[in-house]
Amino acid sequence: MTINSSIIISAADHGIAVQQLCPHATEVVRRLQEEGYEAYIVGGSVRDLVLGKVPKDYDVATDAIPEEVKTVFPRCRLIGRRFRLAHVRMHGTLIEVATFRGPQVSDDDDHKHKNGRILRDNVWGTLEEDAVRRDFTINALFLDPVRTEIMDFVGGYPDLMDRKLRLIGDPRTRYREDPVRLLRAARFIAKLGVEPDEETAAPMTEMASLLHDIPPARLFEEVCKLFMTGHASQTWPALQRFQLTRALFPVLERDGEPGQARAGKLLLKALANTDERIANDKPVTPAFLLAAIMWEPVRARADELQADGLNEYAALGEAADEVMSQQVQRTAIPRRFSVVTRQIWTMQPRFRNTRGRRAKSLLQERRFRAAYDFLLLRAEQDTSLQGLCDHWTEAQKGVELNTGQRRSDDRRGNDSRRRPPRRGRRRRAPGTAK
Ligand code: ATP
Ligand code: MG
């Protein structure tokens, strides 16, 4: 593709003050420049700064190849195979330093393709080439923190002013090269309130099935970025708009409206809760959100299995396994999360045992709090569960009084990191043997 000459936007126009920048990112750029390399802050951080938002992390682009970056920062780590880059740690802050990439021309090992999809992207290029290999124009702005100038080769700055999301180059080709750009488009629409231009939006729905070819581990990473960064509520409708939810969560396909994934009140409430917790700096875990996303198909399948004669616990355990194994073919779910998700589900029927030893042992389960929070979510959709919720809310107060144990408000089910102390012998729920 032809490359436009760059437009330089001066500090007087972009209005970003040096003090707003992460000093460590500035330091990385300065050190590279002092060694004679070109270096810029680039990508989402420049975009967010122009929009007046605080960037969540900083990326640096340079003409130094990774080995050269390593000589400037001997303690940095070179990572990635598909996309090799350097992780530079500066006073505890991680800065990703990537070498300028060139155009995709060859099919050698550094630049592998398959049916138009880029499998490896390690061919170095110039600054201008690096600008056009980026995904959206608003992500291709280069900020020199020393000169405080922004370089724009692709019209990203005016697009940002107009809140326009525009893929660089031919959209179909760019989605085919890397279908994850479809998810990134939905994420930016939700997070930044930008609107895709017609050519960027038009092929999205039709190309959604390309996501089937993306390695499940990469899709899991994207799911975390989509739902665990504080914009989950807006992200869901953005994904639905282009039928991307179905491509991500095939288990939601059944019974959905045509083209749409099924999403009940419980799921939407879980997304809103997650956003709220992030806004309040409380920890969140994908295990809880995944439990909410897949609950409907698990419950529906458990009903079928029960109708076939399995008892309630066995049916739920079996349904959990079936749905999970269907889902992990699309998005990986690391075991540390899937185990918790399954426990949240299989503890649900146990909440009906409100008396005696069983009730006591439930309260002492390590995942009690997560499962209880999930019960509260279910009650949002099914008000008949409110009585049970009240019972277990009271029961926990009883435990606190009896044991002098304090459960802080922060210890919510979304938090898998903090564990309530386990007391007594742990009992396994019937039908959850694994
Ligand atoms: P976020 O705010 O989520 O970090 P970001 O745009 O910074 O958004 P990153 O994944 O951190 O996203 O990527 C940094 C930059 O690398 C992007 O701004 C973009 O220029 C480029 N980039 C990332 N992923 C792709 C991709 N799949 N195709 C082309 N360019 C990409
Ligand atoms: Mg980023």
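Predicted model: local features only at pLDDT ≥ 70, side-chain atom pairs only at ≥ 80, totals over all residues.
Local features here need pLDDT of at least 70, side-chain atom pairs count only at pLDDT 80 or more, and totals for linings use all residues. Residues are numbered from 1 along each chain, and side-chain values use heavy atoms, with hydrogens and water left out.

Q: Which residues come nearest to ligand 1?
A: Take the residues with a heavy atom within 4 Å of the ligand. There are 18 of them around ligand 1, and the nearest are Arg47, Asp178, Arg181, Arg187 and Lys191.

Q: Which helix gives the most to the shell around ligand 1?
A: Helices are DSSP runs of H or I, at least four residues, numbered from the N terminus. With 5 residues, the top giver is α8.

Q: How far is a nitrogen atom of ligand 1 from an N or O atom in the side chain of Asp178?
A: A polar contact is a pair of N or O atoms within 3.5 Å. An oxygen atom of ligand 1 is 3.0 Å from a side-chain N or O atom of Arg184. For the ligand nitrogen and the Asp178 side chain, the distance is 2.7 Å.

Terms used:
Chains lettered and ligands numbered in written order. Polar contact = N/O pair within 3.5 Å; in protein donor to acceptor, adjacent residues only side chain to side chain. Helix = DSSP H or I, 4+ residues; strand = E, 2+ residues; numbered from the N terminus.
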